[in-house]
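Please keep the sequence and the model in view while reading.

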Amino acid sequence: MLFEPERHQALSSARWDEQFVRTAINRIAADTIRDFSAATLWPTHPDDAPPSATFYNLYIGAAGVIWALDYLRRSGATDTVPDCGPIIVDLIAPNRARFARHMYLGVGGLLSGDTGILLTAARLNGIPTVVAQIGEAIDGNADNPCREFMYGAPGTAVASLAMWRETGDAIWVERFRRDIGRLCSQLRPRVDTDCLIWEQELGYLASHLGAVHGFAGNLLPAIQGWSLLSTEERRDWSACIERTLRATAIRQGKLANWPQSQGRHRPGRTAILVQHCHGAPGIVNALAYFADSRIDDLLTAAGELTWHAGPLVKGGGLCHGTAGNGFAFLKLFRRTKDEIWLDRARRFAMHACRQSNAARQQHHQSRYSLWTGDLGLAIYLWHCVNLDDRFPTQDFF
């Protein structure tokens, strides 16, 4: 079985309606602006945690909401947003305190820790205000044994690339090359499968394959920094990408998916998923910029599986929701130029809008987070309008 049907639902019959989508974006932005408090930030959604919990990082917390509102304003999707420049750096200390029980995962992570908050501060207040702190956070994360995108050096290597593009300063290239070199050196062959892969230390040991905690996400810095790699490095990375993807894929006709892990899974989680974080959509979202046609058949098969499985029951968000899966269609549209993928992306957008509206009526509030909630959905909707396939915070800052 390539997916578990109970995790998915039938796709809405609604066809693309740009005005309906723009209204949904405006509603999400208006709710987010209305419910902001400089003292308490945003209400926590019951699907994320108890109401007493407050989150601060890029993934599920206030930094991600602030980044998203700023992006929507800069891109013309919405107008007035709160001025969060004065409070953004102040999120670091409470985020570390919130994270105290998991300090073994490191404090510098892009999605989880200091680096993502500081990059958001750079966007709001200017790079010079936090440039030294960003460098320190990236350097402090270089040896993180997590070896995955959320907490580890692959995420902060992407941050180095973002800083290099913004500043042109060679120090960021040096940091990127240091981290990508270490990452390459940590690849290991498996005795049970003909592939090269990493082992993640996340309080448990596993060789994950997905876009947040595993192989696909770890490839993001190499693919995004391709021009900074030598000919030999590109050859090695290309061979590794194809070899591991083919060796670990589960194929059925024109469909393909990947298990959460090769070998041991995360304790208590053995499901085969079709999400951004684990499964076919994340493989596409992480690897669609790979400048080589040798994996096109795998990416197309992953997209077909994502469409065949249908929208996710969990909601409209990015990490494990309908919008995150829909981004795979936007990426395949850019890569193949086939209009069928744009139509599928927009069909998922309409469905995700209805999921968000239904959840808002049920809980009497929007879901204020970037990767799990309505802010990520709003960006996905905006990108369906403007034919933009960049995945929030993963592909650009």
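## Salt bridges

A salt bridge is a side-chain nitrogen of Lys or Arg within 4 Å of a carboxyl oxygen of Asp or Glu. The model is predicted, so local features need pLDDT of at least 70 and side-chain atom pairs count only at pLDDT 80 or more, while totals for chains, interfaces and linings use all residues. Residues are numbered from 1 along each chain as its sequence is written, and side-chain values use heavy atoms, leaving out hydrogens and water.

By this rule there are 34 salt bridges. In one of them, Arg27 pairs with Asp31, with the closest N and O atoms 3.9 Å apart; because the two are 4 residues apart in helix H1 (residues 18-34), about one helical turn separates them. Helices here are DSSP runs (H or I, at least four residues), numbered from the N terminus.

## A link between distant parts

Glu242 and Arg294 form a salt bridge at 3.6 Å, N to O, and this pair joins helix H11 (residues 231-248) to the loop between helix H12 (280-287) and helix H13 (296-309), 52 residues apart. Both belong to a network of salt bridges that also includes Arg246, Arg251, Asp292 and Asp297.

## Cysteines

How many disulfides (pairs of cysteine sulfur atoms within 2.5 Å) does the structure hold? There are 0. For Cys240, the nearest cysteine sulfur is that of Cys184, 7.5 Å away. Cys240 is buried (under 20% relative accessible area, where exposed means over 50% and partly exposed lies in between, with a 1.4 Å probe and protein chains only), having a value of 3%.

Definitions and conventions. Disulfide = S-S within 2.5 Å.
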